[in-house]
Amino acid sequence: MLRLRFSQRALRFNFPARTSRGALAEHVAWYLHLTDTAAPHLVGLGEAAPLAGLSPDYGPDFPAAVAQLCERFNAGARATFAAADAPAFVGPGLPALTFALETAALDLAHGGRRQLYANAFSEGSAALPINGLVWMGDAPFMREQIRQKLAAGYSCLKLKIGSLDFATELELLAEIRAVAGPERLTLRVDANGAFAPADAPARLAQLAEFAIHSIEQPIAAGQTAALAALCRTSPLPIALDEELIGVSEPARQAALLDAIRPAYIVLKPTLLGGHAATRRWIALAEARGIGWWITSALESNVGLNAVAQLTGEYDVQGFAQGLGTGQLYHNNVAAPLRIDGGALRYDPLGTWELPA
């Protein structure tokens, strides 16, 4: 018989992680432990770590939702449970919890070894290219991050913008380009919706002078007509991020992409509803010639591993993904994930910590 329980950990950042929505010092992750009484030493592990101000399921009711999910699952006296059953079982409005249950089911089905898929990444024979993430902060803090990332060999950097005054952010971009031109370094920026629609065209024009690969969510989500107009006229490619959150019905997803026609979409399984939901967005994007990449959303290594192994199901070589968040926490779950030369690697024979 299958049994489901939960545990939690308050993840502590190495520094105040600033976004346009404020600074984060701590992030609570909830872990689902799925076991079979016939082999209780094997554990399928999944992570639900909703983000304040962003995740549909973040809020004071989330702990009760986790507990109720486990109670409901155990009351069913299940002998089997497939990852494909997770979305319907969890229900709408809880994307992080769906992601966690899917991941736990995949893990247990593959022997409880944190090896969710059989692909080159999960088997340790290939690495995933990733962008180096430069967090918001004062100019010296951002300069130091940029220096470290360039020294570490990243060929793609992503800067969070919208926190400093725009002139200072342009100065930082100019400094980067003085050191590394576009032939050596791909530059992405993420505005997290910080620009006013009236200001966005002029700002995009200024950013384009630095050969920017793309900008994520230049204006706040929910302004479909304004964002569609920007996509038609922008001198640099626009990627949708927050715009996708909460849009779970396939017909609405297709209509959103058809209306806005972005160059890219940025996919965060924790926020979108898990593995199957992310695959659906990819299929819709590819059918329309829209590019995409997958990004973790401040999960611990449990969630990061699941996102990375899902990414490994696709051919992303030469195109950086957003999977470099495993070094953010003092007390991350120990895992055989490492970053080497701007790429994420996994050792299937390495040691995992099991959260209590």
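Asn 305 is buried, with a relative accessible area of 3%. The model described here is predicted. Asn 305 belongs to helix H11. Leaving aside residues up to four places away in sequence, Asn 305 touches Arg 114, Leu 337, Tyr 346 and Trp 352.

Most residues other than glycine have a negative phi. Arg 114 is not a glycine, yet its phi is positive, at about 65°. Arg 114 sits in the loop between helix H3 (95–109) and strand S4 (128–129). Its relative accessible area is 8%. The limit for buried is under 20%, so Arg 114 counts as buried.

Gln 217 is another residue other than glycine with a positive phi, here near 40°. Its place is the loop between strand S8 (212–216) and helix H7 (224–233). Gln 217 is buried, at a relative accessible area of 1%.

## Aromatic pairs

The whole structure holds 12 aromatic pairs. One of them joins Phe 166 and Phe 195. Phe 166 lies in helix H5 (residues 166–179), while Phe 195 lies in the loop between strand S7 (186–190) and helix H6 (200–208). The pair therefore ties together parts that are 29 residues apart in sequence. Both Phe 166 and Phe 195 are buried.

Trp 292 and Tyr 314 form another pair. Here the ring centres are 5.2 Å apart and the planes stand at 75°, so this pair too is edge-to-face. Trp 292 is in strand S11 (residues 291–294). Tyr 314 is in the loop between helix H11 (301–311) and strand S12 (337–339). The pair links distant parts of the chain, 22 residues apart.

## An aromatic cluster and two charges over rings

Phe 6, Trp 30 and Phe 62 make up one aromatic cluster. Elsewhere, charged side chains sit over rings. Arg 78 places its charged end over the ring of Phe 73, 5.2 Å from the ring centre. Lys 160 lies over the face of Trp 135, at 5.6 Å from the centre of that ring.

## Packing of H4 and H5

Two packed helices are described by the angle between their axes and the distance between the axes. For helix H4 (residues 139–151) and H5, the axes come within 11 Å and cross at roughly 25°. Angles under 35 degrees count as roughly parallel, so H4 is roughly parallel to H5. The crossing is right-handed.

Which residues make the contact between H4 and H5? From H4 come Ala 139, Met 142, Arg 143, Ile 146 and Leu 150. From H5 come Thr 168, Glu 171, Leu 172, Glu 175, Ile 176 and Val 179.

Ala 49 is in the loop between strand S3 (39–48) and helix H1 (62–75). Is Ala 49 buried or exposed? It is buried, with a relative accessible area of 0%. Beyond residues up to four places away in sequence, Ala 49 touches His 27, Val 28, Ala 29, Ala 96 and Thr 270. The C-alpha atoms of Ala 49 and Gly 274 are separated by 12 Å, and these two residues are 225 residues apart along the chain.

Key: Residues numbered from 1 in each chain as written. Predicted model: local features only at pLDDT ≥ 70, side-chain atom pairs only at ≥ 80, totals over all residues. Heavy atoms only, no water. Phe/Tyr/Trp six-rings, centres within 6.5 Å; stacked < 30°, edge-to-face > 60°. Helix = DSSP H or I, 4+ residues; strand = E, 2+ residues; numbered from the N terminus. Buried < 20%, exposed > 50% of the residue type's maximum accessible area, 1.4 Å probe, protein only. Lys NZ or Arg CZ within 6 Å of the ring centre and 35° of its normal. Axes fitted to C-alpha atoms, helices over the stretch in contact; angles between N-to-C directions. Parallel < 35°, antiparallel > 145°, perpendicular 65-115°, else oblique. Left-handed = near helix turned anticlockwise from the far one by under 90°. Contact = heavy atoms within 4.5 Å.
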